[in-house]
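Please take me through the reading of a protein model, one feature at a time.

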Amino acid sequence: MSEERFGEFVAVRRHGDEEAGQVAELVLDRPKAMNAVSTGMAQSIAGACAALGADRDVRVVVVTSTHERAFCVGADLKERNSFSDADLVRQRPIARAAYTGVLDLPVPTIAAVHGFALGGGFELALSCDLIVADRTAVVGLPEVSVGVIPGGGGTQLLPRRVGAARAAELIFTARRLQAAEARELGLVDELVEEGRDRDEALALAARIAANSPVGLRAAKRALRLGHGLDLQAGLEVEDAAWRSVAFSGDRAEGVAAFNEKRTPRWPGQ
């Protein structure tokens, strides 16, 4: 495993290798502030995501936390308390780039959540394709309780998970949900034993990474672009994604490996 730092508060750890399929771990590492997202940390998240998105060896990204009791508690309100209106305007595109950086990753992404995942912290998790949470997880979007709205994608991503009415109730009340209710309502996808969120998310990532990197990227593209379209338009998106892989080296290798009863050696192109 190798590690690369992006500023003081974000690290990227790479697991596996090109042949086995590489899993990248995007580590939120600001434990003294429970991973509250400051301006500097937002820049680091965006920078790490840009590097990961450009790396063709990466097949899956897992977002984790080094804090024992929190995934991420959202925006750094202590920093924001010192902001002028002009400061807030200047920070907005920086903060936004952190959330869209995770959202726009071209490979499957998994959030490993324990403890508090609130506000922007939960929005980072919602920006991932899958959320694995342990039984200590507490999630929610409490922004209206401090006079703002979920601005890291929450008003758009949450209803896509749980429906418009349920999302409205959760956002309007600003309430926090314990892990069991979050799983029941679909705010998280997999509930695991306490302390197992990172291990289980990495294990899930390894299973995903065993598949074709070309296929994974195309499947994610079809899922994202087709969501919300009418069926016929969605099928056209799917067909375009299929055509992008149908004549690839990965498709040829996958069919050959199946017929030869062996593990594929994906060329990744």
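Q: On what basis are the values computed?

A: This is a predicted model, in which local features need pLDDT of at least 70 and side-chain atom pairs count only at pLDDT 80 or more, whereas totals for chains, interfaces and linings use all residues. Residues are numbered from 1 along each chain as its sequence is written, and side-chain values use heavy atoms, with hydrogens and water left out.

Q: What does the radius of gyration say about the protein?

A: The radius is taken over C-alpha atoms, and the globule rule is 2.2 Å times the number of residues to the power 0.38. For 269 residues a compact globule would have a value near 18 Å; the protein has 19 Å, which agrees. Its chain forms eleven helices and eleven strands (DSSP runs numbered from the N terminus: helices are H or I of at least four residues, strands are E of at least two).

Q: Which residues of helix H5 are buried?

A: Buried means under 20% relative accessible area, exposed over 50%, and partly exposed in between, with a 1.4 Å probe and protein chains only. In H5 (residues 154-162), Gly-154, Leu-157, Leu-158 and Val-162 are buried.

Q: Why do the buried residues of H5 line one face of the helix?

A: An α-helix has 3.6 residues a turn, so residues three or four places apart point the same way. Down the axis of H5, the buried residues fall within an arc of 110° (directions from the helix axis to the C-beta atoms), so they line one face. Their cover includes helices H3 (85-103), H4 (120-126), H6 (164-173) and H7 (179-185), contact meaning heavy atoms within 4.5 Å. Just after H5, Gly-163 takes a positive phi of about 95°.

Q: Where is Val-148 placed?

A: Val-148 is in the loop between strand S9 (138-140) and H5. The residue is partly exposed, with a relative accessible area of 46%.

Q: How many salt bridges are found in the whole structure?

A: A salt bridge is a side-chain nitrogen of Lys or Arg within 4 Å of a carboxyl oxygen of Asp or Glu. The search finds 22. In one of them, Arg-14 pairs with Asp-55, the closest N and O atoms being 2.6 Å apart. This pair links distant parts of the chain, 41 residues apart: Arg-14 lies in strand S2 (residues 10-15), and Asp-55 in the loop between helix H1 (39-54) and strand S4 (58-65). Arg-14 is buried at 15% relative accessible area, and Asp-55 counts as buried at 18%.
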